[in-house]
Amino acid sequence: MIKTPIFPLGRRKPRQAVFLTHTGVGEVVNNPGENSQACFCKPRQCRWRSLWLAGSLVRLQTQTTYRGIVDCMVKIYRHESLLGFFKGMSFPIASIAVVNSVLFGVYSNTLLVLTATSHQERRAQPPSYTHIFLAGCTGGFLQAYCLAPFDLIKVRLQNQTEPMAQPGSPQPQYRGPVHCAASIFREEGYRGLFRGAWALMLRDTPTMGIYFITYEGLCRQYTPEGQNPSSATVLVAGGFAGIASWVAATPLDVIKSRMQMDGLRRRVYQGVLDCMVSSVRQEGLGVFFRGVTINSARAFPVNAVTFLSYEYLLRWWG
């Protein structure tokens with residue numbers, strides 16, 4: 001049975017790359033390095049539904065007071081109300097467009113350099129999985145560098161357990177993202193804003209390679225040769241790509257979050273390796289898989305929409 005493409009295809013412009021975000025905001029660049037054209041589409045609902053879970057996930061990975069994700073969510077709601085789930089959300093929302101544009105832009109341009117083929121030509125002449133993995137790793141590495149300060153501020157804000165906007169309650173250490181960034185810079189210097197950056201790069205570099213390989217592999221498996229994947233194929237492949245990448249990323253995501261909280265009151269870890277050894281010694285190997293279920297659950301819808309937008313933009317501007 002022949003699968004219907006998402007959109008009918010016109011002539012493909014040469015040397016075209018895409019800058020896309022997990023919010024669905026995308027920028028298509030013709031002839032990278034020259035003037036560009038941009039378009040925007042905004043399927044934000046999936047991203048909003050996943051962001052409110054992030055606070056529970058960070059606390060589960062960095063604190064030992066919770067018995068599991070349900071216990072964590074119940075305690076957050078009981079002590080901090082519904083607002084407790086939305087701590088630290090403003091910076092991820094503000095920065096996600098830039099961060100994920102870097103990921104998809106670098107990935108698309110790296111494939112362009114490695115294969116000298118446009119996106120549409122790659123359906124007839126598929127790039128090797130080695131090229132896909134290298135392009136994904138390159139995008140993940142540069143994305144991590146851009147993401148590090150924003151992710152640090154998000155983690156610090158989400159770990160504050162004081163209730164928000166309640167008279168008479170203890171004042172949190174950070175009053176908001178700007179105050180958090182200023183406080184870190186004042187107390188720890190410029191390098192403090194990149195605390196945990198090595199763990200973040202170790203997390204994102206290989207897992208973004210896995211991310212794109214999984215997507216391309218599933219699309220090729222369920223799409224007739226030379227044709228474009230259907231909308232259903234793109235959604236399923238994108239969703240499972242998100243799950244695969246987060247399953248691989250969760251161990252270093254735990255270490256990354258702990259490194260980012262290190263130094264808030266006193267230094268505990270001497271580095272990434274010391275953090276890993278200390279965590280295993282105190283809590284066992286299971287510590288590396290804290291939050292893997294919630295990561296996988298939110299990864300499917302977010303990345304399904306992400307790749308549908310990715311394919312949409314590449315074809316619509318073809």
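This is a predicted model: local features need pLDDT of at least 70, side-chain atom pairs count only at pLDDT 80 or more; totals for chains, interfaces and linings use all residues.
Q: Let's zoom out. How many helices and strands does the chain have?
A: It has eleven helices and two strands. Going along the sequence, the pattern reads β-β-α-α-α-α-α-α-α-α-α-α-α.

Q: How much of the chain is buried?
A: Of its 318 residues, 53% count as buried.

Q: And the accessible surface, what does that come to?
A: About 15,100 Å² for the chain, and carbon and sulfur atoms hold 63% of that.

Q: What about contacts between residues 24 or more positions apart?
A: Those make up 73% of the chain's contacts with a separation of 6 or more.

Q: Back to rings. How many aromatic pairs are there in the whole structure?
A: A search turns up twelve of them. In one, Tyr211 and Phe307 have ring centres 5.1 Å apart and planes at 45°, so that pair is tilted.

Q: Why tilted?
A: Because planes under 30 degrees apart count as stacked and over 60 as edge-to-face, with the rest called tilted. The 45° between Tyr211 and Phe307 therefore makes them a tilted pair.

Q: Where do Tyr211 and Phe307 lie in the chain?
A: Tyr211 is in helix H8 (residues 197–221) and Phe307 is in helix H11 (residues 292–316). The pair therefore ties together parts that are 96 residues apart in sequence.

Q: Is Tyr211 buried or exposed?
A: Tyr211 is buried, with a relative accessible area of 1%. Phe307 is buried too, with a value of 0%.

Q: How do the rings of Phe307 and Tyr310 pair up?
A: Their centres are 6.0 Å apart and the planes are at 90°, so this one is edge-to-face. Phe307 and Tyr310 are three residues apart in helix H11, which means about one helical turn separates them. Tyr310 is also buried, at 2% relative accessible area.

Q: Which residues form the aromatic cluster?
A: Phe104, Tyr107, Tyr211, Phe212, Tyr215, Phe307 and Tyr310 form one cluster.

How values were computed. Residues are numbered from 1 along each chain as its sequence is written. Side-chain values use heavy atoms; hydrogens and water are left out. Helices (H or I, at least four residues) and strands (E, at least two) are DSSP runs, numbered from the N terminus. Buried means under 20% relative accessible area, exposed over 50%, partly exposed in between (1.4 Å probe, protein chains only). Contact means heavy atoms within 4.5 Å. Accessible areas come from the Shrake-Rupley method with a 1.4 Å probe; for residues, only the protein chains shown count as cover. Rings of Phe, Tyr and Trp (its six-membered ring) pair if their centres lie within 6.5 Å; planes under 30 degrees apart count as stacked, over 60 as edge-to-face and the rest as tilted.
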